[in-house]
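Biologist: Could you walk me through the helix packing in this one, and then a couple of side chains?

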Amino acid sequence: MFPRKPFSLGKRSSYPIVFIAASALLVLGILTLAPASKQPDFFMPAVAAAAGLAYYLYSQHLQETRLFTELFRQFNERYDALNADLNRIATATKQTMLEAKDKQLLFDYFNLCAEEYLYFKNGFIDPEVWESWTNGMRYFSAIPHISDLWINELASGSYYGFSLDLLNSKVKILKDKTSS
């Protein structure tokens, strides 16, 4: 299986270039390979083939954009539902032991972060969005009572390969994803 390139909202601007390049290559091929008397017969099918390729790629991008939009909306709704309590837990001045309801809320947040990472890692989340989300994760992971629980939870290995190290190496992750 080929590695999936990261989803990017900005890809759509490249499809006219794909059409022009494919058309030019096909026309050039016709001019060099086809006999002069048959060349006019090949031009329209060649341009139609280039248009079909560009349309297919653009259609695929539209489907990926719809998936990204749905994931983005769902992840943000889930985060919004947790946000007030996450900030309450984060700003608690005297935090010796987390209550069970706060631990459960943090587990929900850890799961959300891991799911976001899973979709980013598999190329369904735009790198700029992932970078923004990791800024928030970095904030919460720097709070000792949250970080301690998060580290213990990650030791279970049930977070789709997510680790707190990913938050400190965002540049490497983004470079890895865009170079594949």
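Modeller: Helices here are DSSP runs of H or I with at least four residues, strands are runs of E with at least two, and both are numbered from the N terminus. This is a predicted model, in which local features need pLDDT of at least 70 and side-chain atom pairs count only at pLDDT 80 or more, while totals for chains, interfaces and linings use all residues. Residues are numbered from 1 along each chain as its sequence is written, and side-chain values use heavy atoms, with hydrogens and water left out.

Biologist: What does the side chain of Gln39 reach?

Modeller: It reaches the backbone oxygen of Leu31 at 3.2 Å. Leaving aside residues up to four places away in sequence, Gln39 touches Ile30, Leu31 and Ala34, where contact means heavy atoms within 4.5 Å.

Biologist: Now the packing: how do the axes of H2 and H4 cross?

Modeller: The axes of H2 (residues 39-91) and H4 (residues 127-141) come within 12 Å and cross at roughly 15 degrees, the axes being lines fitted to C-alpha atoms, for helices over the stretch in contact, with angles from 0 to 180 degrees between N-to-C directions. That makes H2 roughly parallel to H4 (under 35 degrees; over 145 is roughly antiparallel, 65 to 115 roughly perpendicular and the rest oblique).

Biologist: Which residues of H2 and H4 meet?

Modeller: From H2 they include Phe68, Phe72, Phe75 and Tyr79, and the H4 side has Val129, Trp133, Tyr139 and Phe140. The residues of this contact of H2 with H4 divide into ten nonpolar, three polar and no charged, with Ala, Val, Leu, Ile, Met, Phe, Trp, Tyr, Cys and Pro counted as nonpolar, Asp, Glu, Lys and Arg as charged, and the others, Gly among them, as polar.

Biologist: And how do the axes of H2 and H3 cross?

Modeller: The axes of H2 and H3 (residues 100-121) come within 10 Å and cross at roughly 150 degrees. By class, the contact of H2 with H3 has eleven nonpolar, one polar and eight charged residues.

Biologist: Last one: what lies 2.8 Å from a polar side-chain atom of His145?

Modeller: That is the backbone oxygen of Ile89. His145 itself lies in helix H5 (residues 144-154), and because its relative accessibility is 16%, His145 counts as buried.

Key
Buried < 20%, exposed > 50% of the residue type's maximum accessible area, 1.4 Å probe, protein only. Polar contact = N/O pair within 3.5 Å; in protein donor to acceptor, adjacent residues only side chain to side chain.
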